[in-house]
Amino acid sequence: MIKISAEKFLWKIVLVGDGAVGKTSLRKRYLGEGFDSDYLSTMGADFALYDTEIGDKQIRWQIWDLAGQPMFKDVVQSYYTKIFGGVLVYDVTRRQTFENVEKWLNDLWENSGRDKKVPIVLIANKIDLREEGAESVSSDEGKAFAEKLGVFFLETSAKTGEGVENAFAQLGKDILQYTS
Ligand code: G3D
Ligand code: MG
């Protein structure tokens with residue numbers, strides 16, 4: 001892992017999931033307004049840096065976020081390479097985005113260049129919009145699927161902020177374990 005100073009670690013993580021599920025909104029909500037974000041135009045991605053504490057460690061998140069979809073093959077590798085983890089997002093109001101979760105997860109794990117599967121937090125976003133009905137993805141479905149995939153599960157609303165802090169804190173804890 002890259003050590004910036006005696007106590008500070010740089011962790012690259014990626015946001016993945018279908019278009020319009022709320023990846024950029026979640027990132028903005030977590031970082032607050034006024035964060036710095038560098039746009040990598042050649043890749044169609046940007047990344048933001050954010051300093052925080054996880055446990056007793058000083059962490060600098062480098063959060064990568066794709067500007068558009070779909071991702072081209074040659075972009076995939078530089079996007080995923082050397083990540084420490086990922087936030088995989090689906091939209092509870094659009095079942096198709098839930099059905100694509102496994103594809104995103106496999107892409108990520110296959111291209112991360114890590115021997116061991118990096119930690120992932122699966123996020124059910126837009127819970128403020130969830131309604132009863134077949135098109136909506138329920139909590140139980142999300143939980144069960146995350147268990148099957150072996151990833152952590154959380155529900156969020158980038159709109160109200162519910163669960164957002166938790167999601168990144170959980171990922172941080174998992175990465176600490178992963179790297180120790
Ligand atoms: P993406 O980065 O995954 O493509 P965005 O998704 O963050 O751009 O979000 C897509 C749209 O969904 C945006 O609406 C955004 O405001 C909305 N959105 C994201 N998260 C939530 C949420 O939790 N609740 C609600 N109600 N809306 C959300 P617009 O209209 O700006 O395109
Ligand atoms: Mg986006």
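## Close-up views of a predicted model

**View 1. Polar contacts between ligand 1 and the protein.** An oxygen atom of ligand 1 is placed 2.7 Å from a polar atom in the backbone of Ala-20, in what is a predicted model. On the nitrogen side of the ligand, a polar atom in the side chain of Asp-128 is 2.8 Å from a nitrogen atom of ligand 1, and a polar side-chain atom of Asn-125 is found at 3.1 Å from a nitrogen atom of ligand 1. Considered by itself, ligand 1 would expose 650 Å², and 60% of that area is buried by the protein.

**View 2. The shell of residues around ligand 1.** There are 15 residues around ligand 1, and those that come nearest are Ala-20, Lys-23, Ser-25, Asp-128 and Ala-158. By residue class, the shell consists of 4 nonpolar, 6 polar and 5 charged residues. Helix α1, which spans residues 23–31, contributes 3 residues, and this is the largest share of the shell.

**View 3. Packing of helix α4 against helix α5.** Helix α4 (residues 101–111) packs with helix α5 (residues 139–149) at an angle of about 30°, and their axes are 12 Å apart. Angles under 35 degrees count as roughly parallel, and α4 and α5 are therefore described as roughly parallel to each other. The crossing in which α4 passes α5 is right-handed.

**View 4. Packing of helix α2 against helix α4.** The angle at which α2 and α4 pack is about 70°, and the axes of these two helices are 9 Å apart. Because of that angle, α2 is roughly perpendicular to α4. As α2 passes α4, the crossing is right-handed.

**View 5. Two lysines with positive phi.** Lys-82, although it is not a glycine, has a positive phi of about 65°, and this residue is found in the loop that runs between α2 (73–80) and β6 (85–91). Lys-126 is likewise not a glycine and has a positive phi, here of about 70°; the loop that holds Lys-126 lies between β7 (120–125) and α5.

Notes. Residues numbered from 1 in each chain as written. Chains lettered and ligands numbered in written order. Predicted model: local features only at pLDDT ≥ 70, side-chain atom pairs only at ≥ 80, totals over all residues. Heavy atoms only, no water. Near = heavy atom within 4 Å. Polar contact = N/O pair within 3.5 Å; in protein donor to acceptor, adjacent residues only side chain to side chain. Areas by Shrake-Rupley, 256 points an atom, 1.4 Å probe, with all protein chains shown as cover. Helix = DSSP H or I, 4+ residues; strand = E, 2+ residues; numbered from the N terminus. Nonpolar A, V, L, I, M, F, W, Y, C, P; charged D, E, K, R; others polar. Axes fitted to C-alpha atoms, helices over the stretch in contact; angles between N-to-C directions. Parallel < 35°, antiparallel > 145°, perpendicular 65-115°, else oblique. Left-handed = near helix turned anticlockwise from the far one by under 90°.
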